[in-house]
Amino acid sequence: MIFKKQLVDGKVVLIPVVLVPVLQEQERGCMRMSFGSHYTPKDKAGNPQSKGDDAHFICAEKNTIGVADGVGGWARYGVDAGKYARQLMSNIVTAVQRQQPPLNRIVDLGQALEEGFLNTKAMGSSTACIVTFKDYYLRAINVGNSGFMIFRNSKCVYKLLIQQRGFNYPYQLGNCMTCDKPCSAIVTTVENLLPGDIIVLGTGGLLDNMFAEEIEDIVSKGTLEGVNTEQLASTIAHLALFNSMDKNVDSPFAQAARLAGLKHNGGKRDDITVIVGHVIA
């Protein structure tokens, strides 16, 4: 395994970097992307003003996107975990925008995550997954059970492995003693993206309620007359929402519960965030 050095609390730590080749080579050059997103808080029907626990950003000028999934368990202590997630994403996108890497360098996600984390003072905790694109490769940094998939010709060719300590117990960034720090993050590089590839980034509300095959079907039907990333994100999120309320669907969350020796029927009610990226050229 390859490790990347990163400065944390004045100490140099090693972060594992995963290199993932994806199919065929693509000539390096100017990479153009389009992005679209959709967010549905789980309590929106009962409370239209609810901001939920998720947060996300799209920094199109840096080809960088990110999601955070606030840990709802903080509510029992009177803490709005969504506030932590929103502050974290705001601080990370500020850090990304402030970076001025040379033309041949990609955004430094480790630095952005570290800076965003240190500047987030709200109570609570959240997962975080940030993805950036340059020269037909993708780099991601992830803490927890948010993640992304890559679709080529409507087929899933890559899915990020999530970070969990146990069933429904993801790694999570926060300011509490038991929370994780950015040094727990896994950095992944996926090489050789191609024009036409579609990247779907989502929080647990998406990944707990939809299989890759279901998203493949949406991508296949939704790109017959061109790619509208906003519409794709909305369609995917709405099916995830439908599944989350279906008490009979055999969801990814239900299957994971069975593997853990637990019983859970149907989907999992949760906030749902979906960002869709499309490699145009």
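**Close-up views of cysteine and asparagine sites**

**View 1. Cysteine 183 is partly exposed in this predicted model.** The relative accessible area of cysteine 183 is 32%, a value lying between the 20% limit for buried residues and the 50% limit for exposed ones, so the residue is classed as partly exposed. Cysteine 156 is likewise partly exposed, and its relative accessible area is 25%.

**View 2. Cysteine 176 and cysteine 179 are joined in a disulfide.** The structure contains one disulfide. A bond of this kind links the sulfur atoms of two cysteines covalently. In the model, the sulfur atoms of cysteine 176 and cysteine 179 lie 2.1 Å apart. Because the torsion about their S-S bond is about 90°, the disulfide is right-handed. Cysteine 179 has a relative accessibility of 9% and therefore counts as buried.

**View 3. Asparagine 168 adopts a positive phi.** The phi angle of asparagine 168 is about 60°, although the residue is not a glycine. For most residues other than glycine, phi is negative. Asparagine 168 sits in the loop that runs between strand 10 (164–166) and strand 11 (169–170). With a relative accessible area of 37%, asparagine 168 is partly exposed.

**View 4. Asparagine 192 has a positive phi and is buried.** Its phi is about 65°, and asparagine 192 is not a glycine. The residue belongs to the loop between strand 13 (186–191) and strand 14 (198–202). The relative accessible area of asparagine 192 is 4%; this value is under the 20% cut-off, so the residue counts as buried.

Methods
Residues are numbered from 1 along each chain as its sequence is written. This is a predicted model: local features need pLDDT of at least 70, side-chain atom pairs count only at pLDDT 80 or more; totals for chains, interfaces and linings use all residues. Side-chain values use heavy atoms; hydrogens and water are left out. A disulfide is a pair of cysteine sulfur atoms within 2.5 Å. Buried means under 20% relative accessible area, exposed over 50%, partly exposed in between (1.4 Å probe, protein chains only). Helices (H or I, at least four residues) and strands (E, at least two) are DSSP runs, numbered from the N terminus.
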